Amino acid sequence: MDSLNDGSPWQEAVEQERSPSSDSRQPDVRSRRRVAAVSSPALSAARLTLPGIMDAEGRVDESRLRMHIFKNGGVSPSERGLVWRFLFGMYPCSSTALERSLLQEQLVVRYRVMKTKWQQFLPSSVRMHLNGTDPELVAAVSYFDQRQLESQQQTQDQTEEVRDRLAFLQLQAQILFERVTFDPVELREATRIIDKDAPRTNRDLSYYQGEGSGNLLVLRDILITYAAFHPEVSYAQGMNDLCSRFLEVLDSEVDTFWSFSCYMEKFSKDFRADGLLRKIELEAALLKELDPQLYTHLVTDSMESFTFCHRWLLLGFQREFEHSDALRLFEILSCDHLELISQQVDRARYQERLAQKHSTEESPESELQAVNTDFTFELFICAAILLENRESLLQCRDEVQLIQFTTSLHGTLDLNSTLKKAEQHFYNYCKRCAWDYMNGHCREHKREEEDFLYQIRSLFVLR
């Protein structure tokens, strides 16, 4: 595959994210940082400026949106909040601006009913218990309380028509959640762990500095509400860092809850023990395909040497890249463009299987090597990091040295370079799986646009 040059979309996105003009605005943003809003109703009617993505009534072409994110290495920070509401499913891409304004009201009311329900069930957990040894956290509580008062005032200022409409939505929500029950032991335990983890969320971020420290309490309420209404998942360590990413970008309690919930529908299994093992096994299997020697070195008597990879994957490489790059990578991975389960690849593989079926009688020994569709692009990102540092990894002789080395990577990796290498590994893997069969049976009978490798190659930034 042709290497990406310095003018690639990856590089342009980096320059846009770190441009002097955007940096010059940061101090002003930080100085007026406040606690996140309860909701952001104005965004329901906002328009995306990305070309060809949104129609006149506000519907979004999901395929083009995901393609744009990947081809351009993410979106600009000014567009990110609205894009994420579509990307992660809070707003259906098929919805119009008018439909979203009604949906926004419904989501706000449902979240409030859910939050009130667990607070009434565990009144002692409504407020975080402080020991007074953390002055920043004490200040955070006061900022959070002030925001609550402002929110109540806004509710009182609503017109009678709005209050009647919201009252009806509240009745619907109460009926919807009436039969939901909580396990007091499990919910108290989840709250206890959340109360420990929420204050540990990265406070070095400007989002949690000054009055923004009150966002730690917003994060806490979101996590407890999620745990209460998703007992099969509840809360696991690491969710605070993941949810914090949504809160920082969306800057809205309600919108963060629903977007985070949509994300967890797909990835909650990664926070369970079996999900952890599965991720480690997949990364080990991929590395075995790409570099058998490094695989053999890391896998001694067990898969324990790959445990650090699970942390990378679980948190979307949050600590390994500079913060803005980590957000951009999370966005790129979430667009699911370079995946072996994508529609384009699936269609190409179906055509290959069909051609193979018709030629079985002639050459039954020639078969297309199976492509492991569980090898997601994030695994190729992880593999690219491992292969880039293979010499250092081969020198690690025990778990302590391995942990020391991986810790030294924090904040040092170059996203632009890593993406290009991962993309190349992805393409080479697909090519290796298909090459023998393609040479033997398909090229002389099929047009280029039906070629499996052509379909794979068409997914990349450069042809």
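1. The second largest pocket of this predicted model has a lining of 34 residues. Those nearest the centre of the pocket are Arg112, Val113, Lys115, Thr116 and Gln119. Four helices each contribute two or more residues to the lining: H5 (97–121), H6 (135–156), H7 (160–176) and H9 (215–229). The space in this pocket comes to about 900 Å³. By residue class, the lining consists of 13 nonpolar, 10 polar and 11 charged residues.

2. As regards the overall fold, the protein chain contains 21 helices and zero strands. Of its 463 residues, 52% are buried. Among contacts with a separation of 6 or more, 78% join residues 24 or more positions apart. The chain has an accessible surface of about 22,700 Å², and carbon and sulfur atoms account for 50% of that surface.

3. The largest nonpolar core comprises 124 residues, and the members that touch the most others are Phe306 and Phe317. Helix H9 is the element that gives the most to this core, namely 11 residues. As general background, nonpolar side chains in soluble globular proteins tend to be buried together.

4. Phe317 is situated in the loop between helix H14 (307–314) and helix H15 (323–334), and its phi is positive, near 55°, although the residue is not glycine. Phe317 counts as buried because its relative accessible area is 0%, below the 20% cut-off. Leaving out residues up to four places away in sequence, Phe317 touches Trp312, Ala326, Leu329, Leu333, Glu378, Ile381, Cys382 and Ile385.

5. Ser234 is another non-glycine residue with a positive phi, in this case about 60°. Ser234 belongs to the loop that runs between H9 and helix H10 (239–250). With a relative accessibility of 17%, Ser234 falls under the 20% limit and is therefore classed as buried.

6. Val35 lies in the loop between helix H2 (20–31) and helix H3 (62–71). Is Val35 buried or exposed? Its relative accessibility is 14%, so Val35 counts as buried. Beyond its neighbours within four places in sequence, Val35 is in contact with Tyr143, Phe144, Arg147, Glu211, Gly214, Asn215 and Val218. Val35 and Gln209 are separated by 174 residues in sequence, while their C-alpha atoms are 10.0 Å apart in space.

Technical notes:
Residues numbered from 1 in each chain as written. Predicted model: local features only at pLDDT ≥ 70, side-chain atom pairs only at ≥ 80, totals over all residues. Heavy atoms only, no water. 1 Å grid on protein atoms, 1.4 Å probe; cavity = no way out; pocket = protein on both sides within 12 Å on 5 of 7 lines; lining within 4 Å. Points joined across faces, edges and corners; volume = space filled by probe spheres on them. Nonpolar A, V, L, I, M, F, W, Y, C, P; charged D, E, K, R; others polar. Core = buried A, V, L, I, M, F, W, Y, C linked by side-chain atoms within 4.5 Å. Buried < 20%, exposed > 50% of the residue type's maximum accessible area, 1.4 Å probe, protein only. Contact = heavy atoms within 4.5 Å. Areas by Shrake-Rupley, 256 points an atom, 1.4 Å probe, with all protein chains shown as cover.
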